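Hello,

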Amino acid sequence: MTQFAKETLPISLEEEMRRSYLDYAMSVIVGRALPDARDGLKPVHRRILYTMHDSGLRSTSRHRKSATVVGDVMGKYHPHGDQSVYDAMVRLGQDFNMRNVLVDGQGNFGSIDGDSAAAMRYTEARLAPLSMELLRDIDKKSIIDWKRNFDDTLQEPDVLPGRFPNILVNGSDGIAIGLATQIPSHNLTEVLDGCIAMIERPNIKLEELIEIIKGPDFPTGGFLVSNEEMISAYETGKGRILLRGKMEIENADGGRQNIIISEIPYPTTKATIVKRIYDLKGNKKHGFDDVVDVDDESDRKGMRIV
């Protein structure tokens, strides 16, 4: 029986805490909280899309139970909580959160009022057509890097090959340790035109590029208020974007006038706006004295807060 000598090594507590904390911080930054600039996806989103592709859930195939997708993602690539995986997948299929959805959901996938999606056993999903452009040629394994999954039994893509800059098209946000990002979404056609312009003119100036990509384009609509601060955000990477809802005046019976809100600032929920107006009216804030009532008349044709 072999006896191994035990050796005690003196380690500075300060050094050990610094090393361990930095390792943890990098794990959070790279492996969970922030998107990759190449495909604009966080690891959980990338694993969801790849799992659906690998399972044959293409945009032209039939939908499959969300619980099946979540189970495959957890069992093969992402050993975390099922609810967090499902929430991430649901968000990819919500057209009021994503400028261009990447998951084609069937069933109750939540609403702009802040209602949550139905349980995963009730909903179904498959890849949206745009996701196929993120995954195109992924079977040609030489064009991207691959890595082992958590238990070394499977290979997963380090990044999706992506034929468009998803990080600009759909934007992203995340809070890590010492780092955070909040990138607004943009119009797909404008971004592609901007890419073509940069390929043809590598030294194109920001002023020229802004003529092509006019600015952020949010899924809930609305208007940009401050153009100067938006340009500053493009120049430095830091800035503030102010949004305002779209409103119009409509004559009503009894000589009254209605204010019709048809678009709201992202990511505000419709229910929050209605409640806020009620609160301001109830507190008799100046300017809300003439507000008689607030009605949500939205339907499948569009948003209409009166």
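Before that, some housekeeping. This is a predicted model, in which local features need pLDDT of at least 70, side-chain atom pairs count only at pLDDT 80 or more, and totals for chains, interfaces and linings use all residues. Residues are numbered from 1 along each chain as its sequence is written, and side-chain values use heavy atoms, with hydrogens and water left out.

Helix 2 (residues 43-54) packs against helix 3 (residues 66-76) at about 110 degrees, and their axes are 9 Å apart. That angle makes the two helices roughly perpendicular (the term covers 65 to 115 degrees). The axes are lines fitted to C-alpha atoms over the stretch in contact, and angles run from 0 to 180 degrees between N-to-C directions. Helices are DSSP runs of H or I with at least four residues, strands are runs of E with at least two, and both are numbered from the N terminus.

From helix 2, Arg47, Ile48, Thr51, Met52 and Asp54 meet Val69, Asp72, Val73 and Lys76 of helix 3 (contact means heavy atoms within 4.5 Å).

Helix 3 buries Ser66, Val69, Val70 and Val73 (buried is under 20% relative accessible area, exposed over 50%, partly exposed in between, with a 1.4 Å probe and protein chains only). These buried residues fall within an arc of 95 degrees seen down the axis of helix 3, so they line one face of the helix; the arc is taken from the directions from the axis to the C-beta atoms. Among the elements covering them are helix 2, strand 1 (64-65), helix 4 (82-92) and strand 3 (124-127).

Now the salt bridges, of which the structure holds 22 (a side-chain nitrogen of Lys or Arg within 4 Å of a carboxyl oxygen of Asp or Glu). One of them joins Asp158 and Arg38, at 3.6 Å from N to O. Asp158 lies in the loop between strand 5 (155-157) and helix 6 (166-169), and Arg38 in the loop between helix 1 (13-33) and helix 2, so the pair ties together parts 120 residues apart in sequence. Asp158 is partly exposed at 25% relative accessibility, and Arg38 is partly exposed at 49%.

Arg46 and Asp39 form another, with their closest N and O atoms 2.8 Å apart. Here Arg46 is buried at 7% and Asp39 is buried at 0%.

Definitions and conventions:
Angles under 35 degrees count as roughly parallel, over 145 as roughly antiparallel, 65 to 115 as roughly perpendicular and the rest as oblique.
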